[in-house]
Amino acid sequence: MQYMDVFLQKFGITRYDVHKRTGISQQTLSSANKKDPESYSGKILTALSQATGISPGDVLDALIRIRNKDEVFIVRNWEELKIALEAKKPEFHVIGEFSEIMKEVRSGQLSDTARLGTELGSGGTVGLIESLYYFVHRQLSGGNKEEEKIKDRVSKLYHIILLDENTVTLRLRSLSY
């Protein structure tokens, strides 16, 4: 779980912002983000403290609360979705009006069983045909090409699970096997 990203999201900042404000390397932050907050070094806690304006002790307390409550990253817009995809977050929620876009993506997904059957029946060529279809669709549609690429990536990497009318969970497909 990536507790640091969830923590920073509450302050409206990213790991990149922490890097810019404190000089701590992005690689160090990325590495720490994959660990349990109780193993964060003093250097990490101090950087997070400087970036958020709260004490290092309060930073650690907040990170542990996030871990204990099993809070997840929340996506409300394209920018936050890009952050989640770049980090290959194992699971995150999409909320509000933006969840409608994920429902649209979900409607175009094949179930895992259907995808497996199609792949087996076509000798694996359906994946190539699907990629070609999405490429042509992106080129011919009048929509934002970057957004269409993001939707395509979401469709390939994540299971989209409807929680309620305004909340969708995205879970990495690779974790489901």
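Which residue in E4 is the bridge partner of Asp164? The partner is Thr167. The structure is a predicted model, in which local features need pLDDT of at least 70, side-chain atom pairs count only at pLDDT 80 or more, and totals for chains, interfaces and linings use all residues. Residues are numbered from 1 along each chain as its sequence is written, and side-chain values use heavy atoms, with hydrogens and water left out.

The bridge between Asp164 and Thr167 belongs to a sheet context. Strand E4 (residues 167-172) pairs with E3 in the antiparallel sense, over six bridges. Pairing requires at least two bridges between two strands in DSSP. Helices (H or I, at least four residues) and strands (E, at least two) are DSSP runs, numbered from the N terminus.

Four strands make up an open sheet with mixed pairing, in the order E1-E2-E4-E3. Its edges are strand E1 (73-75) and strand E3 (158-164), each of which pairs on one side only. Neighbouring strands are turned by 30 degrees against each other on average, direction ignored. Axes are lines fitted to C-alpha atoms, for helices over the stretch in contact; angles run from 0 to 180 degrees between N-to-C directions.

Helix H6 (residues 78-86) packs on the sheet. Helix H6 touches E1, strand E2 (91-95) and E3, contact meaning heavy atoms within 4.5 Å. The direction of H6 makes about 135 degrees with that of E1. Helix H7 (residues 99-107) lies across E2, E3 and E4 and runs at about 125 degrees to E3.

Asp5 is placed in helix H1 (residues 3-9). Its relative accessible area is 6%, so Asp5 is buried (under 20%; exposed is over 50%, partly exposed in between; 1.4 Å probe, protein chains only). Not counting residues up to four places away in sequence, Asp5 touches Arg15, Asn33, Phe73 and Lys89.
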